[in-house]
Amino acid sequence: MNNTTLCETKNPTRGEQVSYLLPAVNIYQTPEGYTLEADMPGVSRDGLEIYLDQNELTLLGRRQPGPSKPETTHYRESASGDFRRVFELDPEIDTDKITARVENGVLTLHLARREQVKPRQIAITD
């Protein structure tokens, strides 16, 4: 079963519609903030672009073109194309402390909370 989702966006330089695959994501809350995992099979470190504009985080993964052998393909479930996903970040995220790594086609971002919004214990004084 193919669960690939396509999204379209306007290319600002050419004014044309561009189709992207929406990568599947998992988002986990941690004591420090959040961890976001995005599945981008076939995307290497060199093919990744991560943009931050105000509180909008954009992930863009470009795959290297694979060998094209339509005459020998009997069945295909994997979709070809590039990945793109956009997230609106909560103001509690410290955008200066976002880290990213990619391993085995999974992009992992760590989104730290700002210090002032982290839960803390208040000391009781006499």
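How many salt bridges does the structure hold? Five salt bridges are present, a salt bridge being a side-chain nitrogen of Lys or Arg within 4 Å of a carboxyl oxygen of Asp or Glu. The model is predicted, so that local features need pLDDT of at least 70 and side-chain atom pairs count only at pLDDT 80 or more, whereas totals for chains, interfaces and linings use all residues. Residues are numbered from 1 along each chain as its sequence is written, and side-chain values use heavy atoms, with hydrogens and water left out.

One of the salt bridges joins Arg-62 to Glu-49, with 3.6 Å between the closest N and O atoms. Arg-62 lies in the loop between E6 and E7 and Glu-49 in strand E5, 13 residues apart; strands (E, at least two residues) are DSSP runs numbered from the N terminus. Both residues are partly exposed, Arg-62 with a relative accessible area of 35% and Glu-49 at 26%, where buried means under 20% relative accessible area, exposed over 50%, and partly exposed in between (1.4 Å probe, protein chains only). A network of salt bridges links Glu-49, Arg-62 and Asp-82.

Gly-47 occupies the loop between E4 and strand E5 (48-53). Gly-47 counts as buried because its relative accessibility is 7%. Apart from neighbours within four places in sequence, Gly-47 is in contact (heavy atoms within 4.5 Å) with Leu-60, Gly-61 and Arg-62. A distance of 9.4 Å separates the C-alpha atoms of Gly-47 and Asp-82, which are 35 residues apart along the chain.

Further salt bridges include that between Glu-115 and Lys-97 (4.0 Å, N to O). Glu-115 lies in the segment after E9 and Lys-97 in the loop between E7 and strand E8 (99-103), so this pair ties together parts 18 residues apart in sequence. Glu-103 and Arg-101 also meet through their side chains in a salt bridge (3.1 Å, N to O).

Strands E3 (residues 25-29) and E4 (residues 33-39) pair in the antiparallel sense over five bridges, pairing requiring that DSSP find at least two bridges between the strands. E3 and E4 form a hairpin with three residues between them, and Val-25 stands opposite Ala-38 in E4.

Note on methods. Helices (H or I, at least four residues) and strands (E, at least two) are DSSP runs, numbered from the N terminus.
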